[in-house]
Amino acid sequence: MSVAKGTVVRCCFCDYEFDEEEGVKACGACTLFGGCRKVKCPKCGYEMPEMPKLLKRILSWRRS
Amino acid sequence: MSSQSTLLPGPRPFSPSYEPTLEAAVSALAGTLSEEYRLSRRSVALLLLQGDEEIERQVRETEGDRFPAVAKAVAEALAPMGGSADTAITLQRHAAARSLAEEAITRDGRTGTPLAQRLSRLTTSPITGLPILALVVWFGLYQFVGIFGGGTLVGLLEHTLFGDHINPWMTGLVQHLIPWRWLSDLFVGEYGMWTLGVTYATALIFPIVGTFFLAFSVLEDSGYLPRLAMLVDRLFKAIGLSGKAVIPIVLGFGCDTMATLVTRILETPRERLIATFLLSLAIPCSAQIGVMAALLAGHSVAFGLWAGVMAGIFVVIGYLTSKLLPGETARFAMELPPLRLPSLSNVAVKTLSRMQWYFLEVFPLFLLASVMIWLGQLTGVFGVLVKALGPMVRLMGLPDASAEAFLFGFFRRDYGAAGLYRLQQHGGLNGNQLLISVVALTIFLPCVAQFLMIKKECGGRMAVAMALFIFPFAVVVGTTLNLVLSLLGVRL
């Protein structure tokens, strides 16, 4: 799962803020078909969907 | 320097006072400690009540022969508090910190507790929290997902767009291009890749799952879920779980397979096993819950009974499992993030991300199911299997036609639910049969992927044992429900 570096994710459960890459590493145990495309909070273990690449591009385009 | 010290006094020591029962327990326990520690005896007593292993080791070493008396005092103090004082101490410390902050903070022109804090307290207190949970389920699930998603949106997409326009055109086109009926059925037959696979995935499951994910994202972004964890912590303790198990259980409402993997965050193997079993047995995944809500839309009593029966199964089976697997329940304490108004952009991004994830996962499987059913029909295997399930559905008081839905349900519960939806649309189920079939199918093992995940996490034997319990149990519950409804003369 390729993830843009520096994308900060806020956990929906415990509010912990972490780099998306850190969350993906925590999710390495998953063996589902091609990965589950989710980001796991390294603090509490809650899983959130990874933002689709298209949405990431749109948001970064809006910011710039 | 000395004058400066006089001018700048040190901070006032802050020691929170706890509710009388807890204060009495702390004082009694502190009284049993006879040696000196680096911390005050009160602090040591509090840490002992919270189950701090390091302080327990120190007390054991320091008190020596007197330690059994201290351990007995800890057990006696914890008994009226359900075996753990950790959550109570954390909550009361939070309340003391809030009160201290209120003393120190001045607000311009505003008095009283902020609305978010009052709402936060209401959601975590059992007296108000449980009715709030019922309202969330009723409006979020039944009204929004069931009535709006499953009724209005599916009506527009499946019945009007696909049923009246796209599918007749596509059927005509394919039958024109492929004159052999046996082959055209693969694409546009009763269970064709287009008429079943694409139509179900796009026009039935997608709007239902979309509304479910929208409601779920709103709850997630508002900060309600950690409060739900606090609310159910005590109930979960009764079934051998801690409030932390809310994380896999809540995620199970999205996808049971991944939630099974998330049970790894639970502290003890016992807790992981109980949570995995309950996920397989009593937690419907997003697609299934959506279709179930859509099926029961307009049958509010049946919806209430379904939710009640599933909650009852969750608690009773969880309790019995925890008795079969004795062991200590893990403690749970967490800092509550603030309750906030959901942000529109956050909710939109999460909903779209989940819908994309779900669609990519489910769409190929729906197409594969269509091909398998087509093959099964060509070879006659499908008919044999459906016939074999006849006695099982009749036992539950269901029509023979529902056997098809249950056959689909063995592979994925949401296929089965979609089959029931189709049957209900054609008037094949009365209110009682609708409730019985929905309850029985909810108990089914979620899908083949879930079975493989249990095998990976708990071992092959455990996975087989769970499956061997779950399928007959679903039939037993369905049959019992049918008998009870008949005996009571209930007509839903």
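I began with a term: a residue is buried if 20 or more other C-beta atoms lie within 10 Å of its own, exposed if 12 or fewer, and partly exposed in between, with C-beta atoms placed from the backbone. With that in hand, I found that 41% of the 492 residues of chain B count as buried.

Ground rules. This is a predicted model, in which local features need pLDDT of at least 70 and side-chain atom pairs count only at pLDDT 80 or more, while totals for chains, interfaces and linings use all residues. Residues are numbered from 1 along each chain as its sequence is written, and chains are lettered from A and ligands numbered from 1 in the order in which they are written.

Overall build. I counted helices (DSSP runs of H or I, at least four residues) and strands (runs of E, at least two), numbered from the N terminus. Chain B has 24 helices and zero strands. Its C-alpha trace spans about 100 × 55 × 45 Å along the principal axes.

Contacts. I call two residues in contact if their C-beta atoms, placed from the backbone, lie within 7 Å. Of the chain B contacts between residues at least 6 apart in sequence, 74% join residues at least 24 apart. Between the chains, 18 residues from chain A meet 19 residues from chain B.

Cores. I then looked for nonpolar cores, sets of buried Ala, Val, Leu, Ile, Met, Phe, Trp, Tyr and Cys residues joined through C-beta atoms within 7 Å. The largest has 122 residues, and Ile205(B), Val291(B) and Trp306(B) are among those with the most contacts inside it. Helix H10 (residues 193-222) of chain B gives the largest share, 17 residues. Another core, of 17 residues, lies apart from it and includes Leu48(B) and Val74(B).

A covered helix. How many of the ten residues of helix H20 (residues 402-411) of chain B are buried? I found eight, among them Phe406(B), Leu407(B) and Phe408(B). Their cover includes helices H18 (381-388), H19 (390-395), H21 (413-425) and H22 (431-443) of chain B.

Confidence. I checked pLDDT, the predictor's confidence in each residue, from 0 to 100. Its mean over chain B is 83, and 94% of the residues reach 70 or more. Over residues 1-7 of chain B pLDDT stays under 50, and the model has zero contacts beyond four places in sequence for them. Where pLDDT is low, the predicted coordinates should not be read in detail. I also noted ipTM 0.77 and pTM 0.70 for the model.
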